[in-house]
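Hi,

Here is the structure I said I would pass on.

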Amino acid sequence: MNGGDEGAESAAQASPPQPLEWKFSQVFGERTAGEEVQEVDIISAIEFDKTGDHLATGDRGGRVVLFERTDAKDHGGSRRDLERMDYSTSRHPEFRYKTEFQSHEPEFDYLKSLEIEEKINKIRWCQTANGALFLLSTNDKTIKFWKVQEKKVKKIADMNVDPSKAVGNGNVASSSNNVSPKPYLANGGSPSKEFSFPPGGIPSLRLPTVTSNETSLVARCRRVYAHAHDYHINSISNNSDGETFISADDLRINLWNLEISNQSFNIVDVKPANMEDLTEVITSAEFHPTHCNMLAYSSSKGSIRLIDLRQSALCDSHAILFEEQEAPGSRSFFTEIIASISDIKFAKDGRHILSRDYMTLKLWDINMDSGPVATFQVHEYLRPKLCDLYENDSIFDKFECCLSGDGLRVATGSYSNLFRVFGCAPGSTEATTLEASKNPMRRQVQTPSRPSRSLSSITRVVRRAGSDVPGVDTNGNSFDFTTKLLHLAWHPTENSIACAAANSLYMYYA
């Protein structure tokens, strides 16, 4: 029996999943050729909720826009009904605009003489309740807890007088047209002869009734979590307990209760006694998806620390440190800058952490701190251009990363509105380059197939890159550093990616 199981396992390892063929699904906010993008419209955050039925985006103008899935809703019913309709249950997700609201406004910190911009840095969905949606949004300083709910619009019906003829005496309606004011009686009546009661009075008076046939979506700010961060907030993350969340800035991580907005607990503080001794800052933080006591945070030195809230109240000492030793002789002026991790994400199973630094994606196993289990080169052809990238500040761009729900693939963005999808299953050589446009495969380059070495899934270190021609992209085109794809999200249950190119939201499926 065991031999058969081992054979099946080795066969599964020998045949990794086939590379996905990505297709364009939808675009929201598409620009026409030559149209100038307004700064406030540029998308700065994207997040699917846990079910994948809702998608939220935040922009630099402080707005949050919500989208809802339509294909599941439109074709509801039992499987038998779907089969009778000859409808494929594996249809790709389709979304429609749901609502939007102004989450943050520009503010001014009078104590520090600093402008606080309204740009949304992160959005995180919270647990739904009673048909209402809840989410957290943050700018550089203030986190807000929003409730979005359908409210019935109340209207008055069964009026005694037809509203269109309500101003029967013509005095009020036409007063703006009259030069000389008309005299009014002391009790509020008018001596005008235009309106007169019917003889014997009005036969019957009805009480107006209130009806509510229509509904409208209302977003209400339930709580504001403010004044807890001296530095810019770079991440927020919900806990799996559904009651708490963390917020992280450059030097501190705070733990909040969703119900309590006037106090938080500082659980990580890396601020040295003398700021001249500061060598690294916190760049991203995220709770473990299932263990409410564990969270990870990354640093500008390229390390990830896993901490356990059960160890102590102040978790300055980490439980596990993940970092990759740099190769001897490889150090340069840019080494520390490009090692800085811009984003980390836990896999759905909580076993792996995905991190993105400037040049690579790294996949870490939380049970193995000796180094990453896989490394993916995102845009290795930019290495000779690091000096130019430093001069125009592009080297400090913060790219996000995401994992598929099944944990078999990872994705991240690059320049020229490109994004990369890599297979991380044992033996996979999938490395797809896609463009955020209606023809995503336009930039696709066939990478030559190489004989894959048989490495165990634990110790393998995969290095996959595109073209290594300096100064050009994978197709030999000159590279555009002004168009960059920083934000993207993977649907939690399906192979569907939402990504932001400036003010446009593109969606793809496979």
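Val210 sits in strand 12, which covers residues 209-211. Keep in mind that this is a predicted model. Is Val210 buried or exposed? Val210 is exposed, because its relative accessible area is 58% and anything over 50% counts as exposed. Together with Ile156 and Met159, Val210 makes up a nonpolar patch on the surface.

Next, Lys141. You'll find Lys141 in the loop that links strand 9 (133-138) and strand 10 (143-152). Lys141 is buried, yet it has no salt bridge. Which side chain of opposite charge is nearest to Lys141? That would be Asp109, 5.5 Å away, and a salt bridge has to be within 4 Å. What the Lys141 side chain does reach is the backbone oxygen of Asp230, at 2.7 Å. Asp230 also turns up among the contacts of Lys141 once neighbours within four places in sequence are set aside. Others on that list include Lys112, Ile116, Tyr225 and His229, as well as Tyr231, His232 and Ile233.

Last one: Ser340. Look for Ser340 in the loop between helix 5 (335-339) and strand 22 (343-346). Ser340 and Val281 are 59 residues apart along the chain, while their C-alpha atoms are separated by 9.3 Å. What does Ser340 touch, not counting residues up to four places away in sequence? The list has Thr283, Ser299, Ser300 and Gly302, plus Arg356, Asp357 and Tyr358.

Cheers

Note on methods. Residues numbered from 1 in each chain as written. Predicted model: local features only at pLDDT ≥ 70, side-chain atom pairs only at ≥ 80, totals over all residues. Heavy atoms only, no water. Helix = DSSP H or I, 4+ residues; strand = E, 2+ residues; numbered from the N terminus. Buried < 20%, exposed > 50% of the residue type's maximum accessible area, 1.4 Å probe, protein only. Lys, Arg positive; Asp, Glu negative; His and termini not counted. Polar contact = N/O pair within 3.5 Å; in protein donor to acceptor, adjacent residues only side chain to side chain. Contact = heavy atoms within 4.5 Å. Patch = residues over 30% accessible without salt bridge, like charges linked within 9 Å, V, L, I, M, F, W, Y side chains within 5 Å. Areas by Shrake-Rupley, 256 points an atom, 1.4 Å probe, with all protein chains shown as cover.
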